[in-house]
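Biologist: I'm new to this one, so please pick a single spot where parts pack together and take me through it closely, then show me what surrounds it.

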Amino acid sequence: MASSSILFGDDPDWNLIRGASLAFLSQLSSIGKGLQKVGVRSLPELSPRPRVLWQYATNPTWRTGLLLDVGGALFGLAALTIVPISVAQPIFCNGLVLLALYSHFYLKENLRRREWISIFLCFAGTLMLAATLVPRDWQRTDIRWIQASAIRGARNSRRAQFAAR
């Protein structure tokens, strides 16, 4: 018999837990953006000149930030292959919470009272969603019609572009 809560019941949904964990790991992207912000302080404005690109590529702080940013995005994509967007998106939103905390404690940026309240509300909302999730068999969810619609829309858009020329 299924429990009333996926995370706190007797029979947890491990696919959901794996997907939610991957969605949480996608927050590394936010930390990566913060590191890139630190790294560019000592770099020239980004341009396609080889010398400038080499400076960015050899800056360890900026490079680590880029790797975390890309890695976080890949974790997010992996999460979306396991759980639906309705589960992953609230977790993704916590990237803003993590980035705000990182900016405050590591980058020494000041946060006003209103921003602290927003951080708390966003995090509390995600916790409430996690506590109230109900089990669902996602294996039976058919999204082929969405994929077909997206492909049709892309084809029609492309045809419209060629017709406009």
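Modeller: Helix 2 and helix 5 cross in a right-handed way, meaning that the near helix is turned clockwise from the far one by less than a right angle. This is a predicted model, where local features need pLDDT of at least 70 and side-chain atom pairs pLDDT 80 or more, while totals for chains, interfaces and linings use all residues. Numbering starts from 1 along each chain as its sequence is written, and side-chain values use heavy atoms, leaving out hydrogens and water.

On the helix 2 side, Ser 30, Ile 31, Gly 34 and Leu 35 make the contact, and helix 5 brings Gly 95, Leu 98, Leu 99 and Tyr 102; contact means heavy atoms within 4.5 Å.

Zooming out, the protein has 7 helices and 0 strands, taken from DSSP runs (H or I, at least four residues, for helices; E, at least two, for strands) and numbered from the N terminus. Of its 165 residues, 28% are buried, that is, under 20% relative accessible area with a 1.4 Å probe, counting protein chains only; exposed is over 50% and partly exposed lies in between. Leu 66, for one, sits in helix 4 and counts as partly exposed because its relative accessibility is 31%.
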